[in-house]
Amino acid sequence: MKTDYQTIQVEIRDNVAVFTMNNPPVNQLSEHFVVELAGAIGEAFEDDEVKALVLTGTGGNFIAGADITQIKDVKTKDELLPMMKENTRFLNSIETGPKPVVAAINGNCLGGGLEIAMCCHYRAVAKGINLGQPEVQIGLIPGAGGTQRLPRLIGLRYALEMITIGKPIKAEVAFQRGLVDEVTDPDKLVDAAVKAAGRFVSGELNLKARATRNRHYWIPSAAEKKAMMDFTKAMMAAQAKGYIAPFKAVEAIDKGFSYDIDADLEREADLFADCAISDVAKNLIGIFLSTRAAGRLPRIEGLEPAKIKKVAMLGGGVMGSGIVSLLLKGGFEAVLWDISEDAIEKGVGSVRKTFEYPIKKRKMKQADLDNMLENQLTTTSSLEDLKGVDLIIEAVLEDMKVKQDIWKQLEGICRPDVIFATNTSALPITEMASILKDPGRMIGLHFFNPAHRMMLLEIICAGKTSDQTLATSVSFARNIKKIPIVVNDGPGFYVSRQLGGLLGGAVYLSADGVDGAAIETAMLDFGMPMGPATLSDLTGIDIGYHVSKTFEKRLGERYKVHPLTEAIYQTGCYGRKTGAGYFDYSGDQPVPNPKVVAVVQNYLKEYNVSPKQMSQEEIIDTLLALGINEAALMIEEGICDRPQDMDLAMIYGTGFPPYRGGILRYADKWGIKNVYEKLVALEEQYGLRFKPADLIKEMAGSGKTFYPE
Amino acid sequence: MKEVVIAGYLRTAQTRSRPNDPARDWFCKMRADELLAKLMPEVIKKSGVEPEEIDDFLVGCATGVSEQWAYGGRNPLFLANFPDTIAAKFIDQQCGSAMAGIQIGFMEIAQEFADIVLVGGMEHMTRVPMGGPLIDRGAIVPNMTLFLDPKYRHWDMMTAMNMGLTAEKLFAQTDYTKEDMDKWGLRSHQLAAQAQGKGYFDGEILPIEAEQADGSMMVVDKDQAVRGDSTLEGIASLKPAFKKDGVITAGISSPLNAAATSMVLMSKETAKKKGIKPLATIRSIGFAGVDPTIMGAGPVPASQKALDKAGLKASDIDFWEINEAFCIVALNCIKELGLDPDRVNVMGGGTAIGHPLGATGIRLTGTLARILNQKGGRYGCANACVGGGQGVATIIEREEYDW
């Protein structure tokens, strides 16, 4: 047979054609590659010398799935279905072909990769490799047989779990469940596969019986299927609200997984196409792509980040201990500094606490933690001891003078290239840096609580932060597995101010007679993890009040604190930490706090406002309009300029519903003209706070969108 | 020793299983345990007992792996929502499983350790196919040494585990011809079709509404493998199914089937007290081991033992139900025990009606009891050959129950 392929290296061993696929970067199923693969398989089927085939890949991937940037641009099902039909035919030709095809799974076997592997007649896999159908995570379902072949191999329960949640499983688990036939050392993989191929040739293994489509034993009885699907649907209705793909995947399995696999595959393709053209998929694919690209800024392109090995953490409070935990997990040497032995001891205790969960779940051993602390962590109350570190992250008292004092001292102790990062959430970083000889070394690294769990790291460039400082900080963020979003200095930076803008409309609605519970429900139904009142109670009404005051002071008239906010603050009920805020937490279930209720009632009475029924849509429109306006204002002010980063920050930092794509994708979908008109109406009703940003006005006029069309 | 009677008998239709083309099995979307659980409340109602009165539940099944694993017999009880006070056992004597259930129930009641026993059988040969496919999946893992170690060579496991080859071997040691078997196969289909036509089996089949492969619903109330239009030429023209130069074809073997069967046994005393009219009284049981490579010979010594225990001769038996795992098994029995063929399998046999392995014993005994009642016979003997080299037999007597 022909052996000179561009993307496939062909070697014949003992009458077995070993195909090593090499289509950089990840063996993705690009058009050219699929054509070559189909051609090569066809030739091997024809060649009498070849008795069996082995498919394996190079690098970290067996085969990656389809190119999702292609799917992103698909507008209609008709564009997609012929392509999918062709692909189904190709996969079926492997499964029902005349010769055994053995998959030697050398690396990640996800999405389309697993779907091809499941068409093979035998699967050998290297230890520790991940296998899965993660399509739902980008709003799609497996569209090349995954929903049909996976349950035929591992049964309904596990297949539903893998397909609707999208989490991959390890080779060893895959073996236990029957998804793969053999797990080997990576260097023995191809030999094992060739040997397995030989077992077909000798007649020991039966080609037909091993084809996935001919395995019927996992097909449940009608009664079992109904019970399982009813259960799954009920669970998903609660957990996957707003998403489409998990429901389509369940539909594919519910209507499919029958004795007629060809009809099942056709149905699956159609359901895949439904997903592919949905807004939710476009949103999720967009998020996936921008997550991958986060931190890749033109400003730092080509700069070599400095190597960070040793990091000092100033302050062992909630944030500090969470960050130390991250550093340890990331393999860094960490130095925890605090003002006293007591404070240090407390800090180390908190660090230990962050590992309680993984230890309980047996993801790590107590001894591992002890070793980690022993080998990687030192503590000190002397700034002098921080001499040898490469990066300092500060999370001490939120007081400009205290912070500046510390930085000033450190400037005299540390090497000039050491980065000074502050985790302040409110203080102006440009001002903080102003006392340094080289303000270029200072940057804001704004972690979110709990630091060891939240995926976002907001990186704040102060006025004089150097490109090198930024480049190293972005690289550091990636190394501690965070998603870096870079913004400029300003009150509340991006995330806090954006969230304040998104939820800040609530008080205007309350003051207009709208029931607080209706606002909570509306935001929950919109997909936010909690409503404005619940969130305020969690973060502290006093904290929110002080932030608002800062905004008022620094940003001017538009941000004047609402009198109702003042009145609520004056109750002294600051939320969960004081036992009551908007809600009273003394009972089993939070109930509206009578004190706050009374304050609102009095306010309404005083201003002669009567209770108002407002539709959920109107509540959402009001809050979102203000949120979008805030985003536009921040773009105008130069806080940020990349919509994709702003959307990511809200999704990873505040739980903004991913299926909505983020606040600016939502704005584009809603239509900027509609946003503008809504704001104009709201300004008339509620005043200056809602005055449309110039940018919104201009975009409404020109028809421009935040994301390029 | 107490006398034990059959108070009731009910089964599902026996559908035709096709492990490689499941959609054609009318029961493809029902599991065996679901079929059995459908029968359970109906058979006790038919027998006139309440679930609470049952002392033991015995489930026969030849392939108790994958979805036929029954948690020791408790799962069908759970599926039927029967009381948790009923004990259960899962019984595997291969093709003798359900008959073994009858025999154990008989002994429990006779020895007064139980008074009312529910016996069930289940086998779904589409959803849990016999042999190779289960071995491929690792659901059945025979000990390799039996096949490889010279000290076990005499067992000839390759033949012992292939029923068709054991039938070839049995045929080879008889004087029967291929044509004799073909004629018997044709007779089986014709008699079964006649019985079907007259509605004979309606008295023992519980119609079940079953979802079909295409999603439509169908009431399944007829044995699917019976072919009234069979011809001798048709049967004779079939190719050997198990070896190239063999004689055993699909036409003279039982098909693969899915079905469940059930029977209520109780002491005669209790039947009388409750005013229940039994179908028959169990008189004797027999079981015997034979060369596993000629397992089809098993019914002969098993039946002889049962006859001896009852003090009867073969000629005393009015009707026989001999399981036609293969036609040659029935023919061999006729020859060796000296039977009148016209008294054997008078409503057709397993070739036509089917043979859902572990469920068959109840079908044979129950059908036989109904034949005695319908044709006015006194003694009947049901027997079956058993994979692995055994035979089982049960002798029943129809009496005048004057209460």
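User: Which residue of β12(A) is the bridge partner of A:Val311?

Analyst: Strand β11 (residues 310–314) and strand β12 (residues 333–337) of chain A run parallel and are joined by 5 bridges. Strands here are DSSP runs of E with at least two residues, helices are runs of H or I with at least four, and both are numbered from the N terminus. Two strands pair if DSSP finds at least two bridges between them. Within β12(A), the partner of A:Val311 is A:Ala334.

User: At which pLDDT do side-chain atom pairs count?

Analyst: Residues are numbered from 1 along each chain as its sequence is written, while chains are lettered from A and ligands numbered from 1 in the order in which they are written. This is a predicted model, in which totals for chains, interfaces and linings use all residues, local features need pLDDT of at least 70, and side-chain atom pairs count only at pLDDT 80 or more.

User: Which strands stand at the edges of the open sheet of 8 strands in chain A?

Analyst: The strand order is β13-β12-β11-β14-β15-β16-β17-β18, with mixed pairing. Two of these strands have a single partner each, so one side of each is left without a neighbour in the sheet; they are β13 (377–380) and β18 (483–488) of chain A.

User: Which residue of β9(A) is the bridge partner of A:Leu131?

Analyst: Another open sheet of chain A has 4 strands in the order β4-β6-β8-β9, with mixed pairing. Its edges are β4 (61–63) and β9 (169–170), each with a single partner strand, so each has one side without a neighbour in the sheet. Strand β8 (residues 130–132) is joined to β9(A) by 2 bridges, and the two run antiparallel. In β9(A), A:Leu131 is bridged to A:Ile169.

User: Which residue of β10(A) is the bridge partner of A:Ala126?

Analyst: β7(A) runs parallel to strand β5 (residues 101–105) of chain A, with 4 bridges between them, and in that pair A:Val102 stands opposite A:Tyr122. β7(A) also pairs in the parallel sense with strand β10 (residues 182–184) of chain A, over 3 bridges. The partner of A:Ala126 in β10(A) is A:Thr184.

User: Which helices do the buried residues of α25(A) pack against?

Analyst: The buried residues of α25(A) are A:Ile541, A:Gly544, A:Ser548 and A:Phe551. They cover an arc of only 80° around the axis, taken over the directions from the axis to the C-beta atoms, which puts them on the same side of α25(A). The face turned away from that side carries the exposed residues A:Lys553 and A:Arg554. The buried residues pack against α24 (532–539) and α26 (563–570) of chain A.

User: Where is A:Pro450?

Analyst: Most residues other than glycine have a negative phi, and most peptide bonds are trans. The bond from A:Asn449 to A:Pro450 is cis, with omega near -5°. A:Pro450 is in the loop between β16 (442–447) and β17 (456–461) of chain A.

User: Is B:Asn345 buried or exposed?

Analyst: B:Asn345 is a residue other than glycine with a positive phi, near 45°. The residue is found in the loop between α12 (327–337) and α13 (350–353) of chain B. With 30 other C-beta atoms within 10 Å, B:Asn345 is buried.

Note on methods
Buried ≥ 20, exposed ≤ 12 C-beta atoms within 10 Å, placed from the backbone. Contact = placed C-beta atoms within 7 Å.
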